[in-house]
Amino acid sequence: MQPHRYVFNKSKNGIYVVHEPNCPSIRHQVDGDLREILPKYRYEIVDSTDDGTTLYSETREWERSYYDANYLTEEDILESKARFRPCLICQPPFLEHIYQKPNRIHVSGLKPFHLGKVFYKYGKLVEYTYQYRTDGWTVILKFENRDPIFFDSEHDASLYYPRKTHHNKYKK
Ligand SMILES: [Zn+2]
């Protein structure tokens, strides 16, 4: 039995989108190209030995044409180094696999909506207090289960917290 194949499309932002082959949003590809396109293998020279023998290494490439559908198995997709997300229309059974840069906030710019967010390195922010002076400011940060942390205008510091991501249920 042939393993089930999904369509794997690179989008403009470099993140691949995984579709079911019958997804209505990719009809132009599937109707335009009913051939099954497997990953292409290519060889590149990596080294040569003392007696002049050239050594090759196999590399894998995928078709990138807009009108070609790239059919990959689940294994191919999970083993790829690519960032990908499931299509929101056909919802194939994949979890989003995207690393996104975290949100960055300077300690001088905290707002009430930052309360409760979990920051890298420090944990959940429960309280912040600014103290302003003529020569600068101090901010006292209280994170859950930690001693208060002080930052002031002399010490430029940023805090980071993860971006919200959409997670599809893993339907398998
Ligand atoms: Zn789709």
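Two strands pair if DSSP finds at least two bridges between them. Strands (E, at least two residues) are DSSP runs, numbered from the N terminus. The views below show a predicted model, in which local features need pLDDT of at least 70, side-chain atom pairs count only at pLDDT 80 or more, and totals for chains, interfaces and linings use all residues. Residues are numbered from 1 along each chain as its sequence is written.

**View 1. Hairpin β10-β11.** β10 and β11 run antiparallel and are joined by 4 bridges. I140 has F150 in β11 as its bridge partner. The hairpin leaves 5 residues between the two strands. In that turn, N145 has a positive phi of about 60°.

**View 2. Hairpin β9-β10.** Here 2 residues link β9 to β10. The strands pair in the antiparallel sense over 8 bridges, with β10 covering residues 136-143. L125 finds its bridge partner in β10 at F143.

**View 3. The antiparallel sheet.** Four strands form an open sheet in the order β8-β9-β10-β11. Its edge strands are β8 (118-119) and β11 (149-152), each pairing on one side only. β8 meets β9 (residues 123-133) through 2 antiparallel bridges. F119 has G123 of β9 as its bridge partner.

View 4. β2 (residues 16-19) and β6 run parallel, joined by 3 bridges. V18 stands opposite P86 in β6.

**View 5. The largest nonpolar core.** This core (buried Ala, Val, Leu, Ile, Met, Phe, Trp, Tyr and Cys joined through C-beta atoms within 7 Å) has 14 residues. Buried means that 20 or more other C-beta atoms, placed from the backbone, lie within 10 Å of the residue's own. Y6, V7, F8, Y16, V17 and V18 have the most contacts inside the core. β1 (5-10), β2 and β5 each give two or more residues to it.

**View 6. Around V7.** Contact means C-beta atoms, placed from the backbone, within 7 Å. Neighbours within four places in sequence aside, V7 touches H19, P21, I26, Q29, A69, N70 and Y71 by this criterion.

**View 7. Confidence.** pLDDT is the predictor's confidence in each residue, from 0 to 100. The chain averages 79, and 76% of the residues score at least 70. Residues 167-172 fall below 50; beyond near neighbours in sequence, this stretch has 10 contacts in the model.

Definitions and conventions: Contact = placed C-beta atoms within 7 Å. Buried ≥ 20, exposed ≤ 12 C-beta atoms within 10 Å, placed from the backbone.
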